[in-house]
Amino acid sequence: MRCFAVISLTPPDDFLRDVGVSLDQFLAIRDQVVALIKAEQTRWPMKRRGKHVSQLTVEDKLLLTLTYLRHYPTFQQLGAQFEISESYAYKIYDRYRRYLVTLLRLPGHKALLASGLQAALLDVTEQPIERPTHRQRAYYSGKKKRHTIKAQLIVGLFSLHILSVVCGLGRTHDFTLFKQTRMSFAPHIEVYADSGYQGMTGVHANSIIPVKKPKGRELTSEERAHNRALTKVRIAIEHVNRRCKIFRIVKDTYRGKHKHIGLTWNVIAGLVNLRYA
């Protein structure tokens, strides 16, 4: 049986690779979850009624949730690892995912208007999904040649802290997704984006995007130098994407309900911020 009492005895590097966060970070999340559960029971006393008997401790339930996010097994496999039923494994995951998104909440829109933020990186990453039964065309990505969901990340340039994650359909253009989210930046913030955000300066004047090669002529040496310098700055957000995709649930083909993908990405972004704080 997979349990915290055994996993916690493994070397620190092995624990980090297996669970996705360090042991100290795991215990810090555990303490916050326990406090959140107690606050819920105090607020809603009826939740404490009856006799609740579970062979899993809070640590085991949190380990189950992080195992699912890190390795993305099926719930049948997850239940077998923890010696519980498939349905109970999903019930635990669904509850603890809600706890995590509450505890690891992203700064969000307010951070983009704060005076302390000087520069931000903007990018979209795509994740494949199983072929949907409805609205297949809306999810089909011409770039990836398959059905996908897009995740738009806004990251602080110097801290590499994920400030916001918003998800959209695979067919939606990157710049269209940004406009649909109605995100706005404080005027002084420099926003670095890729060529998928042509026209960004019309929305936020302090935006820096690559110069696109015009028809009939080549880019000048100054324009090529500008693009190279921008690429060196923007490469940082690709590293952030890689950090997120350590958790296989946002890298592998997504099997869950599409309405939950945004919640899942926000949980992963919160874990990444915690791990690389």
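This is a predicted model: local features need pLDDT of at least 70, side-chain atom pairs count only at pLDDT 80 or more; totals for chains, interfaces and linings use all residues.
## Aromatic pairs in the model

## Tyr68 and Tyr93

Tyr68 and Tyr93 form a tilted aromatic pair, in which the ring centres are 4.6 Å from each other and the planes make an angle of 55°. Because Tyr68 belongs to helix 4 (residues 58-71) and Tyr93 to helix 6 (residues 86-103), the pair ties together parts that are 25 residues apart in sequence.

Are these two residues buried or exposed? Tyr68 has a relative accessibility of 7% and therefore counts as buried, since the limit for that word is under 20%, and Tyr93 is likewise buried, with a relative accessible area of 3%.

## Phe178 and Tyr197

A second pair is formed by Phe178 and Tyr197, whose rings are arranged edge-to-face, with 6.5 Å from centre to centre and 85° between the planes. This pair links distant parts of the chain, 19 residues apart, for Phe178 is found in helix 8 (residues 174-181), while Tyr197 is found in the loop between strand 5 (190-192) and strand 6 (207-208). Phe178 is buried, with a relative accessible area of 1%, and Tyr197 is buried too, with a value of 0%.

## A cluster and two charges over rings

Tyr68 and Tyr93 also take part in one aromatic cluster, which is made up of Tyr68, Tyr72, Phe75, Tyr90 and Tyr93. Tyr72, a member of this cluster, has the charged end of Arg255 over its ring, at 3.9 Å from the ring centre.

Another such arrangement involves Arg243, which lies over the face of Tyr276, and here the distance from the ring centre is 4.1 Å.

## Helix 5 against helix 6

Helix 5 (residues 75-82) packs with helix 6 at an angle of about 95°, and their axes are 8 Å apart. Since angles from 65 to 115 degrees count as roughly perpendicular, helix 5 is roughly perpendicular to helix 6.

Which residues meet in this contact? From helix 5 come Phe75, Gln76, Leu78 and Gly79, and from helix 6 come Glu86, Ala89, Tyr90 and Tyr93.

Technical notes:
Residues are numbered from 1 along each chain as its sequence is written. Side-chain values use heavy atoms; hydrogens and water are left out. Rings of Phe, Tyr and Trp (its six-membered ring) pair if their centres lie within 6.5 Å; planes under 30 degrees apart count as stacked, over 60 as edge-to-face and the rest as tilted. Helices (H or I, at least four residues) and strands (E, at least two) are DSSP runs, numbered from the N terminus. Buried means under 20% relative accessible area, exposed over 50%, partly exposed in between (1.4 Å probe, protein chains only). A charge sits over a ring if NZ of Lys or CZ of Arg is within 6 Å of the ring centre and within 35 degrees of the ring normal. Axes are lines fitted to C-alpha atoms, for helices over the stretch in contact, and angles run from 0 to 180 degrees between N-to-C directions. Angles under 35 degrees count as roughly parallel, over 145 as roughly antiparallel, 65 to 115 as roughly perpendicular and the rest as oblique. Contact means heavy atoms within 4.5 Å.
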